[in-house]
Amino acid sequence: MSSPSPAGRQLQLYISTPQACDYLTDRQSQNIFISPDVTVTPSIYEYLISIGFRRSGQHTYRPHCPSCRACISSRVDVQSFNASKSQRRVLTKNKDLSVSSVQSIFSTEHYELYCRYQAFKHPGGSMESFGENEYEEFLCQSFGNSLMFETRLGEKLLAVSVTDIFGDALSAVYTFFDPEYSARSLGTFSILQQIKATQNRGKRHLYLGYYIKNSVKMAYKTNFMPLEMLIEGKWRRYTKDDELPDQSASLDSPITF
């Protein structure tokens, strides 16, 4: 299976075996992956994310389920974004926090926070048992265009957001936070800070990953409007008054295998 890149190269693709879906319990899931033999540069990945791909570490993938199109790529138009009343309350509640960016490298402080977050948020999940090497492969390895945004209360680390930087966009990769401070809505706060970072850099979009209408874990993305979703190969804007889609009718249309 192969696909043309922006320069006309044929990128070798592989498809995974079916497995239980992590988000819809009655579904089976499959992904297609870019061959590990391909050197994915930031510019190539910026193209791939614009047509529905995401990454886990240095592995680039896209859902490719035969009977399901529930995963819809989403991004925020940050130049048109206005925080809601509840989001402004989150910002006010956390005005005593500081946010700074650091290199995307392994940190024991980050790893210990990640472990506490997984034990609280996803007990028994596969990522809870990640050792230091697995954690580093998952969140510290990228295509050379990543930062980690640290949120601190004084010297205390409360949250880390792994973020990719592109020519005209940022991409929220993964956020984890201290469960003892859950009342601060640190997940929402971290996305708002990444939106601010995108705006400050003069870029247009913040990619949020896949929206899944019937998954509580993934539907939160509609709290950040206006949201754009990749439907039938085109990015379409949605606001809170629009009927949100429950599937992408043709997720395969942007590229030809």
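## Close-up views of a predicted model

**View 1. Arg-116 is partly exposed, with a relative accessibility of 39%.** In this legend and those below, buried means under 20% relative accessible area, exposed means over 50%, and partly exposed lies in between (1.4 Å probe, protein chains only). This is a predicted model, in which local features need pLDDT of at least 70 and side-chain atom pairs count only at pLDDT 80 or more, while totals for chains, interfaces and linings use all residues. Residues are numbered from 1 along each chain as its sequence is written, and side-chain values use heavy atoms, with hydrogens and water left out.

**View 2. Asp-178 meets the side chains of Arg-116 and Lys-156.** What kind of contact do the side chains of Arg-116 and Asp-178 make? They form a salt bridge, at 3.7 Å from N to O; the term stands for a side-chain nitrogen of Lys or Arg within 4 Å of a carboxyl oxygen of Asp or Glu. Arg-116 sits in helix H3 (residues 108–121) and Asp-178 in the loop between strand E12 (169–177) and helix H5 (186–200), so this pair ties together parts that are 62 residues apart in sequence. Helices (H or I, at least four residues) and strands (E, at least two) are DSSP runs, numbered from the N terminus. Is Asp-178 buried or exposed? With a relative accessibility of 2%, Asp-178 counts as buried. A salt bridge also joins Asp-178 to the side chain of Lys-156, again listed at 3.7 Å from N to O. Lys-156 belongs to strand E11 (residues 156–165), so its pairing with Asp-178, in the loop between E12 and H5, ties together parts that are 22 residues apart in sequence. Lys-156 is partly exposed, at 36% relative accessible area.

**View 3. Arg-27 and Asp-26 form a salt bridge with their side chains.** The N to O distance here is 3.5 Å. Asp-26 is exposed, at 62% relative accessibility, whereas Arg-27 is partly exposed, at 34%. Side chains of opposite charge can pair when their charged atoms come close. How many salt bridges does the structure hold? There are 11.

**View 4. Strand E7 pairs with strand E5 and with strand E6.** Two strands pair if DSSP finds at least two bridges between them. E5 (residues 31–34) and E7 (residues 59–63) run antiparallel and are joined by 3 bridges; look for Phe-33, whose bridge partner in E7 is Tyr-61. E6 (residues 54–56) also pairs with E7 in the antiparallel sense, over 3 bridges, and here Arg-55 has Thr-60 as its partner. E6 and E7 make a hairpin with 2 residues between them, and Gly-57 in the turn has a positive phi of about 65°.

**View 5. Asn-94 and Ser-185 are 91 residues apart along the chain, with 8.9 Å between their C-alpha atoms.** Asn-94 lies in the loop between H2 and strand E9 (98–103) and is buried, at 1% relative accessibility. Ser-185 comes from the loop between E12 and H5 and is partly exposed, at 27%. Its phi is positive, near 55°, although Ser-185 is not a glycine.

**View 6. Arg-69 and Asp-246 are 177 residues apart in sequence, yet 8.3 Å apart in space, C-alpha to C-alpha.** Arg-69 can be found in the loop between E7 and strand E8 (72–77). It is buried, with a relative accessible area of 18%.

**View 7. Pro-226 and Glu-232 show two backbone features.** Most residues other than glycine have a negative phi, and most peptide bonds are trans. The peptide bond from Met-225 to Pro-226 is cis, with omega near 0°. Pro-226 is in the loop between helix H6 (216–219) and strand E14 (227–231). Glu-232, which is not a glycine, has a positive phi of about 55°. Its place is in the loop between E14 and strand E15 (234–238), where Glu-232 is partly exposed at 41% relative accessible area.
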